[in-house]
Amino acid sequence: MASKTRTDPDKPNADATEDEGRSPVEEVALVVPETDDPTLPVMTFRAWFLGLTSCMLLIFLNTFFTYRTQPLTVAAILMQICVLPIGKFMARTLPTKEYSLLGCRFSLNPGPFNMKEHVIITIFANCGVSIGGGDAYSIGAITVMKAYYKQSLNFLCGLLIVLTTQILGYGWAGMLRRYLVDPAEMWWPSNLAQVSLFRALHEKDPKNKGLTRMQFFLAALVASFAYYAFPGYLFPILTFFSWVCWVWPHSVTAQQIGSGYHGLGVGAFTLDWAGISAYHGSPLVTPWPSILNVGIGFVMFIYIIVPVCYWKFNTFDAQKFPIFSNQLFTSSGHKYDTTKILTPQYDLNVSAYNSYGKLYLSPLFAISIGSGFARFTATLTHVALFHGSDILKQSRSAMKNVKLDIHARLMKRYKQVPQWWFYILLIGSIALSLLMSFVWKEEVQLPWWGMFFAFGLAWVVTLPIGVIQATTNQQPGYDIIAQFIIGYVLPGKPIANLLFKIYGRISTIHALSFLSDLKLGHYMKIPPRCMYTAQLVGTLVAGTVNLAVAWWMLDSIDNICDVEGKHPESPWTCPKYRVTFDASVIWGLIGPRRLFGPGGMYRNLVWLFLIGAVLPVPVWILSKIFPEKKWIPLINIPVISYGFAGMPPATPTNIASWLITGTIFNYFVFKYHKRWWQKYNYVLSAALDAGTAFMAVLLFFALQNEGHNLKWWGTEVDHCPLATCPTAPGITVEGCPVFK
């Protein structure tokens with residue numbers, strides 16, 4: 001999924017004497033330094049102090065604000081930039097005297113603040129911003145258990161849930177290092193932005209024409225910071241610019257087609273970096289073949305499949321509902337109130353469910369779920385066919401006879417982490433999880449065999465998903481698959497459903513996050529044992545603080561999460577965890593059998609499991625018949641299906657703008673202005689992320705958190721009020737015309 005290396009005569013290559021030793025991935029060869037200074041101190045007092053402080057501060061802020069009606073995520077890149085001047089200040093002011101402790105000599109100030117210390121601090125900070133929203137996903141399950149299902153959960157049980165899921169992921173990561181970190185072909189594109197940022201902050205560019213990387217970064221950072229005041233506060237319509245709705249203000253169909261927020265987004269666009277990078281990450285770090293695959297899937301889904309299903313065949317009674325929504329609906333087109341089908345003990349009231357009626361999904365949401373079925377099996381088949389032989393070779397040789405690139409050779413000079421260190425973490429977390437399923441059986445609902453089932457699912461899928469992410473920067477998700485499976489096996493057990501998802505899916509997300517950080521350490525030549533220590537300590541500290549803050553808030557704030565809907569004006573309505581609760585009702589209480597089983601409205605979507613498993617086969621066969629056609633193996637069915645992943649809440653406008661931006665930089669600029677791309681592309685990505693994040697935090701604390709919100713034409717997102725209207729005859733919804 002990346003360009004092959006071509007020699008660049010201007011690239012410094014002190015340690016590589018011949019081109020064969022360089023990375024086979026051109027983007028890596030252009031960006032990652034091929035030198036190393038093993039004498040640089042890494043685990044210094046500065047690194048420990050700033051790393052742990054960053055980790056605890058980030059996880060505290062992210063946990064605290066995730067319960068807000070207007071949630072806020074504080075990104076790790078903010079700490080990554082803020083600690084630089086603090087680290088340099090400590091290097092100038094701390095005493096250089098050596099101390100002795102337990103037979104080890106150390107200094108508070110071993111010399112100038114260096115890049116490797118900065119990387120370790122960032123690894124600590126990354127533990128404070130878990131993938132998926134700034135806190136451990138397991139906190140969502142604990143919040144639902146305590147606030148929604150009113151369980152008297154034991155703190156120790158909650159701590160085990162938080163820590164075992166994350167350390168389980170670390171165990172998977174350690175076992176999969178040889179497949180997903182050591183091979184040069186597993187290049188983790190998103191890390192190149194981090195590498196470029198570290199180099200811009202620490203290295204001095206040679207004097208030549210144009211801005212240095214540091215000057216360019218600062219200029220782009222200031223511009224991004226200043227600009228985000230417009231889409232972030234002053235002029236939010238820039239996030240979804242839907243001109244089609246202005247031309248046809250009274251047409252439901254036109255607004256369904258043109259709305260960037262509630263429709264197909266035809267003609268709509270966003271001028272908001274946060275909107276562009278919200279769901280698929282920065283398009284500047286995603287390789288062009290991956291962007292092209294996502295684009296093919298996006299066009300097929302949004303412009304062909306959904307319109308045909310909605311307007312031509314009225315699939316799943318689609319016209320009774322909005323064309324694009326993640327809400328749940330009744331047969332009359334109104335929002336489904338899950339509280340009406342629950343008993344006071346939050347069990348499913350079957351008679352109330354039967355009288356209230358079946359649950360319906362919007363057409364795009366239903367088809368998006370079906371695409372997840374196909375993506376899951378397509379990922380397994382694709383990796384087995386295209387990467388299976390390499391994985392088997394690496395299993396047999398344990399990397400002893402595999403050709404290493406310059407980065408792997410440079411890392412050989414450091415002591416490696418013994419595999420048994422990871423086995424201890426993996427076995428320990430599994431043992432504690434099983435113990436929890438016996439000791440707190442009533443609270444967790446998931447029996448021991450359900451735990452083993454979840455571990456097996458995570459073990460099977462982490463490697464193939466990791467291969468896709470490491471080569472394309474896209475992570476095929478299977479959240480709904482996990483809930484679908486356990487919902488069939490254990491119907492009527494909502495907490496078991498949530499915990500199965502945590503152990504069977506979220507542990508995989510943590511594993512991939514750890515693996516990405518391990519590859520960053522590989523590129524930056526951080527000793528593996530230092531990486532192990534930083535990741536493990538950061539995980540333990542972040543998990544403990546995460547739960548402590550959440551526990552304190554759940555016990556001390558009255559009416560937190562507004563479970564009964566009686567305090568909509570409250571600043572603590574927990575919209576993120578309401579979604580988690582609704583998912584537990586759909587997949588745990590109502591169960592997939594009522595939706596996808598025999599007689600269910602969406603039963604035919606289950607065939608997509610089989611279709612997804614088969615689709616990569618003809619591509620693989622063609623690649624073998626025509627080996628000279630190098631473009632055939634670049635057809636990636638899982639990534640094509642990722643073109644409509646996450647919708648909703650992702651919108652077609654988010655994805656379309658991501659595709660256009662990625663095409664400009666990673667096709668046109670990469671092809672025609674490669675020197676500019678090599679020097680500035682990833683630095684620009686980091687600057688846009690950082691500037692946007694700094695302004696978002698400033699706006700939140702200075703204005704939005706104080707209730708100082710603007711209200712005028714430019715603050716009303718989208719201006720497409722009719723896009724959420726149904727078009728089936730006789731369906732009456734407030735604010736919508738009734739069709740006859």
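## Disulfides, helix packing and a hairpin in a predicted model

W587 counts as buried, at 6% relative accessibility (buried means under 20% relative accessible area, exposed over 50%, partly exposed in between, with a 1.4 Å probe and protein chains only). This is a predicted model, in which local features need pLDDT of at least 70 and side-chain atom pairs count only at pLDDT 80 or more, while totals for chains, interfaces and linings use all residues. Residues are numbered from 1 along each chain as its sequence is written, and side-chain values use heavy atoms, with hydrogens and water left out.

**Surroundings of W587**

W587 sits in helix α24. Helices (H or I, at least four residues) and strands (E, at least two) are DSSP runs, numbered from the N terminus. Which residues is W587 in contact with, leaving aside its neighbours within four places in sequence? They are I369, I480, Q483, F484, G487, N497, P592 and F596. Contact means heavy atoms within 4.5 Å. L547 is 40 residues from W587 along the chain, and the C-alpha atoms of the two are separated by 25 Å.

**Disulfides**

How many disulfides does a search of the whole structure find? The search finds 3. A disulfide is a pair of cysteine sulfur atoms within 2.5 Å. The table gives the sulfur separations.

| Cysteine pair | S to S distance |
|---|---|
| C245 and C720 | 1.9 Å |
| C561 and C574 | 2.3 Å |
| C725 and C736 | 2.0 Å |

Take C245 and C720. Their S-S torsion is about 105°, so this disulfide is right-handed. The pair links distant parts of the chain, 475 residues apart. C245 belongs to helix α11 (residues 243-247), and C720 to the segment after α30 (674-702). Both C245 and C720 are buried.

Next come C561 and C574. The torsion about their S-S bond is about -80°, so the disulfide is left-handed. Both cysteines lie in the loop between α23 (528-556) and α24 (575-590), so the pair ties together parts that are 13 residues apart in sequence. C561 is buried, with a relative accessible area of 2%. C574 is also buried, with a value of 0%.

C725 and C736 form another bond. The torsion about the S-S bond of C725 and C736 is about -85°, so that disulfide is left-handed. Both residues lie in the segment after α30, so the pair ties together parts that are 11 residues apart in sequence. C725 and C736 are buried.

With bonded cysteines counted along the chain, the disulfides of the protein chain follow the pattern 1-4, 2-3, 5-6.

Two further cysteines deserve a mention. C309 is buried, with a relative accessible area of 17%. C530 is buried, with a relative accessible area of 15%.

**Helices α4 and α22**

Two packed helices are described by the angle between their axes and the distance between the axes. For helix α4 (residues 115-127) and helix α22 (residues 494-524), the axes come within 11 Å and cross at roughly 180°. Axes are lines fitted to C-alpha atoms, for helices over the stretch in contact, and angles run from 0 to 180 degrees between N-to-C directions. α4 and α22 are therefore roughly antiparallel to each other. Angles under 35 degrees count as roughly parallel, over 145 as roughly antiparallel, 65 to 115 as roughly perpendicular and the rest as oblique.

Which residues meet in this contact? α4 contributes M115, K116, V119, I123 and N126, and α22 contributes D517, L520 and M524. The residues of the contact divide into 5 nonpolar, 1 polar and 2 charged. Here Ala, Val, Leu, Ile, Met, Phe, Trp, Tyr, Cys and Pro count as nonpolar, Asp, Glu, Lys and Arg as charged, and the others, Gly among them, as polar.

**Helix α23 at V541**

V541 is found in helix α23. V541 touches L52, C55 and M56, not counting residues up to four places away in sequence. V541 and G128 are 413 residues apart in sequence, yet 8.7 Å apart in space, C-alpha to C-alpha.

Strand β1 (residues 98-101) and strand β2 (residues 104-107) run antiparallel, joined by 4 bridges. Two strands pair if DSSP finds at least two bridges between them. E98 has S107 in β2 as its bridge partner. L101 stands opposite C104 in β2. The hairpin has 2 residues between the strands, and L102 takes a positive phi near 55°.
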